[in-house]
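Dear colleague,

Please find below the structure that I am handing over to you. I would be grateful if you could look through it alongside the notes that come after it.

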Amino acid sequence: MELKSNKRRAINLTENALRILNSRYLKRDERGEVLESPEEMFLRVACAVAAAEQEKEHWAEAYYDMMAGLDFLPNSPCLMNAGRELGQLAACFVLPIEDSMESIFDTLKDAALIHKSGGGTGFSFSRLRPRNSIVGSTHGISSGPVSFIKVYDSATEEIKQGGTRRGANMGMLRVDHPDILEFITCKAEEGRLDNFNISVAITDEFMEALFNDGDYSLVDPHTGEATRSLNAVEVFNLLAEHAWLNGEPGVIFIDTVNRCHPLEGLIESTNPCGEQPLLPYESCNLGSVNLSNFVKDSNLDWVRLEGVVRKGVRFLDDVIDVNGYPLEEIKEATLRNRKIGLGVMGFADMLLRLKVRYDSEEGLQWAQRVMNFIADAAADQSEKLGVEKGSFPAIPASVYKGRPMRNACRTTIAPTGTIARIAGTSSGIEPNFSWKTVSLILDTAMTDYHPLAEPYLEQEEPLPGHFVTATEISPEWHIRMQAAFQKHVDAAVSKTINFAGGASREDVAEAFVLAYNAGLKGLTVYREGSRRREVLVKEEAILREGRPDKVTGYTYKMNTGMGNLYVTINEIDGKPFELFAILGKSGQSVTAKTEAIGRLVSVALQHGVSMEKLIHQLGGISGSSQIMHQGGSVLSIPDAIAKVMTRYLKENTGKEPELSALKEICPECGGQLEVSEGCFFCKGCFFSRC
């Protein structure tokens, strides 16, 4: 479609936004050369989505205008794939897993197709029989849900290589499943199941037992019979302990979710970040309104906001019709219910512009006021579309009997990590994480200030009292804010409840109870610095009296910016005992430092320090001479030695520590990763992982 107008709205993008678009969103040729501008990208998306309309040119111009003005942006798969061969525009999918080997691996194949197309998948493993159950057809022993989560995680690791958007998963298990204790603890060790967020589906029955300090029954999903009972307080404390340890599992209050669902059928899982509960095979496409753009004279421009909400609903509804679905079952389920997820971003920046503190009663009032307004406008627009184009087919078996409605669900609050950075605003409904970000770009340290804080920071003035960051806000206020939005949201709310590093396990447990009582559908917590922790493992020290004359070892060659590095790791009794590092053709100073690192690593190994801890300390250290080696970056000599030790562990023990998990560093640029809405993101190179 060629649009005739030459008076299109110009796009005011930040330098960071341009870098994001160039790195992941704009079309490229076979050689990797960028083929389109940001304006052409938005035109591509607008024309592709407006193809569902009779007045195609009119709606293409309208859609382009609201995207170019950064008033509204759709989810990343839509920006990446609309108008291109792939054509898969949805972000959220839930796939069913039945209790059979055929279903388990058919679903894994389906998930692979979704991940390849840029979508994320949610699964409930609650229907799988518990570990050590007898399998009737073979008389074998079941390995249980957690073993298959590991299989799915490994498959995702392979599928995501080379994709423009990394595949992410939600793994869910009911609290009354017999393997619930194994599930709660399955991510205790850093680096495990990194392609999964996990959540416990908590029932009202469990919460009642918790409040009464009583027991509840575990039920075998294969037989439907109770197998044993557990004390609810003990299980809840274990859950809180592991959420305190590293943020997982999260919780989904599954009975609350189903009570609020407007359709027949049982919700068992959500998308990877928890904001979109879906029936089996449903998908949902998302888009967010940039609230910061609507501040006008100490208020909001409500008329303009309503116009963008209405266009946003129409846009997302059109996506359903032009989408290229990866599976026929997904197409059928999505067209049957036509769920969309219109949400917001820039809420924290909106409050800053209004001079309202996030953790205040006035902040809560603004949250309810703006989301209630959006929900009403979205519902009214969907009703009008129901009259114009027809209601969703499953409406007779819904709460909307007798009332036209185009979309079974219309609103959600999603993570907007990347699209918020394109729009140059704060993410979702999260408070700002910081006012200043230092990143290393092409060996140059760049300092970025939040635009609203920059005038104060540059002049070294104290920030006004309404400037508050995520870690300065108490967990109670985080939960109250999430609850304020949830009251007016059809689906759910993705938000991180931040805790200070010194918070206790009891603090986390109290937050879960507060969330349940506040009517939330789920909760994700993150305690500052907790992802840097390693599970403490007691090892027998291998320090010996003297060194044998003959030892077995491995020598590795690694290209570095300083020359070729040769690292030898020697073993005694099959355990690493010493490390020698030699740098070829380099100056005496660098050679001496390299040798010194090797000696210190050797002493540490001989005194029982694990190689994982050494990798944790050395990996990610940046130097002035960085280089690519075997598809990855080598940041410095210490980083190269850490990579050699990682390779050694993988080849000889099967372990493969992942630096991004151990250190909260970006695997692409070595910068600091931040945690928000259940996702990691890097402000240096815009890497993200949920």
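Predicted model: local features only at pLDDT ≥ 70, side-chain atom pairs only at ≥ 80, totals over all residues.

Strand S13

S13 has several pairing partners. With strand S1 (residues 72-74) it pairs in the antiparallel sense over 3 bridges, and here Phe 72 has Val 289 of S13 as its bridge partner. Strand S16 (residues 340-345) pairs with S13 in the parallel sense over 6 bridges, and Gly 343 in S16 is the bridge partner of Ser 288.

Strand S7

Strand S7 (residues 196-202) is likewise largely enclosed by the rest of the structure, because 7 of its 7 residues are buried. Phe 196, Ile 198, Val 200 and Ile 202 lie on one side, with Asn 197, Ser 199 and Ala 201 on the other; both faces are covered and all of these residues are buried.

Strand S6 (residues 169-174) runs parallel to S7 and is joined to it by 6 bridges, with Arg 174 standing opposite Ala 201. Strand S10 (residues 250-253) is also parallel to S7, and 4 bridges join the two. Val 251 in S10 is the bridge partner of Val 200.

Ser 124

Ser 124 belongs to strand S3 (residues 120-124). Its relative accessible area is 7%, below the 20% cut-off, and Ser 124 therefore counts as buried. The side chain of Ser 124 makes a polar contact with the side chain of Ser 126, at 3.2 Å. Leaving aside residues up to four places away in sequence, Ser 124 touches Ile 97, Met 172, Glu 268 and Ser 269.

Cysteines

How many disulfides does the structure hold? The number is 0. Cys 47 is buried, at 13% relative accessibility, and Cys 186 is buried as well, at 8%.

With kind regards

How values were computed: Residues numbered from 1 in each chain as written. Heavy atoms only, no water. Pairing = 2+ DSSP bridges. Buried < 20%, exposed > 50% of the residue type's maximum accessible area, 1.4 Å probe, protein only. Polar contact = N/O pair within 3.5 Å; in protein donor to acceptor, adjacent residues only side chain to side chain. Contact = heavy atoms within 4.5 Å. Disulfide = S-S within 2.5 Å.
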